[in-house]
There are 2 protein chains.
Amino acid sequence: MHFTSERHDDGVIEREFLSGDVPGILWTPASASEPVPLVLLGHPGGLRRMYPRLLARARRSVASGFAAATIELPGGGDRPALPDLEQARAELRRAVAAGERPTDEVIDRLVLPLVDRAVPEWQALLDALLELPAIGGPVGYSGGIIAIGVRLAAMEPRIAAAGLFAGSFVPRAIIEQAREVTIPLHVLLQWDDVDNDRQLALDLFDAFGSTEKTLHANMGGHTGVPQFAGEDAAVFFERHLR
Amino acid sequence: MHFTSERHDDGVIEREFLSGDVPGILWTPASASEPVPLVLLGHPGGLRRMYPRLLARARRSVASGFAAATIELPGGGDRPALPDLEQARAELRRAVAAGERPTDEVIDRLVLPLVDRAVPEWQALLDALLELPAIGGPVGYSGGIIAIGVRLAAMEPRIAAAGLFAGSFVPRAIIEQAREVTIPLHVLLQWDDVDNDRQLALDLFDAFGSTEKTLHANMGGHTGVPQFAGEDAAVFFERHLR
């Protein structure tokens, strides 16, 4: 991992980096005197496009005294396109636009290869970040793509708590894997997200094996998560990472 | 309305009263210098049995600077028994104990007469409380029986926000009435409450006409609402009643 830029702004140090050939961003509190907990910020791909929202989420983590970090998804942003995945995404969008439920086969073809590629990259990021003197732990995973968060929560013992955004399609195999998850979970669902499969999100929440799991469902559509819902998620991480 | 007792404890004034022949309890902050908002505390009946939990909820309201009040339900506690209602309750409990879903007919026979009797009593309570110089408004309704909360939220314009506990059976007619509700709602559901009908609770949440409605689902069974869920509800009322 090597840093390619550094910027100080309003108590936050923002550093861009390359983890292998995967670009990413790390935010740390400028004032921390001890190693801090870490929140991994998931997103749907396209760091540049997602930057304003990621920065807002990172600032909230830093306000809690945590570091926050993210990396570009496989096939996202400036990374090499993945044609099979683009093909599956186009088919899924066609189905949603036609008001149809995408088939399990298309959902699998879109999401499973992405999870298979992304999860080892997040784990490599974790290896590198936890060697930095500024970062201690515990570690949380926050956001989407929810299938990536589920796989990480199920198999990566360094993830202590997860705040997941149930806003994307979930393969049945990932719902099965959710039964293995036992860490505290905070799941956000936009109830009136017309492009999401609400029942699948409820099935996923039901499947989680965790004894502490909370579902927060709100109105406002896919991108209209109310501000108070973000504050609730911050309180969840403060409860579990501090 | 006339008060029958008064007790000061740790910044809270607790007064028992009779509203007509309906017994109730009012909690107010000892230190308030202006008329305060009011939270009506719903419950499943049996003021004496529910007292410890009601007191804890009232203390949370007073900590937010609000008054809190409750009355005994028709047929509850020391009030005259309602034999038809007892009969329906026994039938419903038999069905639940046998692992069956109670019929819509039994749910209607248990809940609708209770709602029809209780709602005017809560409205009379509101008339009386809002005449007290210590109580200003706005007014929230908090808790169960959820069907009473729905009817009040739909038809009583003085209720500005409701935090509802989706832990009891809901007649279809009440789900229809939920479409008329437009105030901000915070709905609590115990996901693993084995004696509750989860799908009915989700149907009810879906039916509400409010543009701001939030569902918080947690684990812990019917009476195991996590402490943080109570705090989330308090934050909801602070946002809407202050």
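Modeller: What follows is a walk through a predicted model, from the overall fold to the contact between the chains and then to some local features.

Biologist: How many helices and strands are there in chain A?

Modeller: Chain A contains seven helices and nine strands. Its C-alpha atoms fill a box of roughly 50 × 40 × 30 Å along the principal axes.

Biologist: What radius of gyration does chain A have, and what would a compact globule have?

Modeller: The radius of gyration of chain A is 17 Å, and this agrees with a compact globule, because a globule of 242 residues would have a value near 18 Å. Buried residues account for 45% of the 242 residues in chain A.

Biologist: And what share of the contacts in chain A joins residues at least 24 apart?

Modeller: That share is 65%, counted among contacts between residues at least 6 apart in sequence.

Biologist: Which strand of chain B does β9(A) pair with, and in which sense?

Modeller: β9(A) pairs with β9(B), also residues 213-218, in the antiparallel sense over three bridges. Within this pairing, His216(A) stands opposite His216(B).

Biologist: What rotation superposes chain A on chain B?

Modeller: A rotation of 180 degrees does so, with 0.0 Å of shift along its axis and an RMSD of 0.0 Å. The two copies are therefore related as by a two-fold rotation axis. Both copies use the same surface, as 100% of the contact residues of chain A recur in chain B.

Biologist: Which residue of chain A comes closest to the rotation axis?

Modeller: His216(A) does, with its C-alpha at 2.4 Å from the axis. This is the residue that stands opposite His216(B) in the strand pairing.

Biologist: You mentioned α7(A). What is its length, and which of its residues are buried?

Modeller: Helix α7(A) covers residues 227-241, which makes 15 residues. From first C-alpha to last it reaches 21 Å, close to the 21 Å expected at 1.5 Å a residue. Its buried residues are Ala229(A), Asp232(A), Ala233(A), Ala234(A), Phe236(A), Phe237(A) and Leu241(A).

Biologist: A change of topic: how many residues of β1(A) are buried?

Modeller: The count is zero among the eight residues of β1(A), so this strand is hardly covered.

Biologist: What does β1(A) pair with?

Modeller: β1(A) pairs with β2(A) in the antiparallel sense over seven bridges. One bridge partner pair there is Phe3(A) and Phe17(A), the latter in β2(A). The two strands form a hairpin with two residues between them.

Biologist: Which residue in that turn has a positive phi?

Modeller: Asp10(A) does, with a phi of about 55 degrees. Most residues other than glycine have a negative phi. Asp10(A) counts as exposed because it has 7 C-beta neighbours inside 10 Å.

Biologist: And in chain B, where does Asp10(B) lie, and is it buried or exposed?

Modeller: Asp10(B) lies in the loop between β1(B) and β2(B). Asp10(B) is exposed, with 7 other C-beta atoms within 10 Å. Its phi is positive as well, at about 55 degrees. β1(B) and β2(B) pair in the antiparallel sense over seven bridges, and Glu6(B) stands opposite Arg15(B) in β2(B).

Conventions: Residues are numbered from 1 along each chain as its sequence is written. Chains are lettered from A and ligands numbered from 1 in the order in which they are written. This is a predicted model: local features need pLDDT of at least 70, side-chain atom pairs count only at pLDDT 80 or more; totals for chains, interfaces and linings use all residues. Helices (H or I, at least four residues) and strands (E, at least two) are DSSP runs, numbered from the N terminus. The expected span of a helix is 1.5 Å times one less than its number of residues. A residue is buried if 20 or more other C-beta atoms lie within 10 Å of its own, exposed if 12 or fewer, and partly exposed in between; C-beta atoms are placed from the backbone. Two strands pair if DSSP finds at least two bridges between them. Copies are superposed by least squares on the C-alpha atoms of residues with pLDDT of at least 70 in both. Two residues are in contact if their C-beta atoms, placed from the backbone, lie within 7 Å. The radius of gyration is taken over C-alpha atoms; the globule rule is 2.2 Å times the number of residues to the power 0.38.
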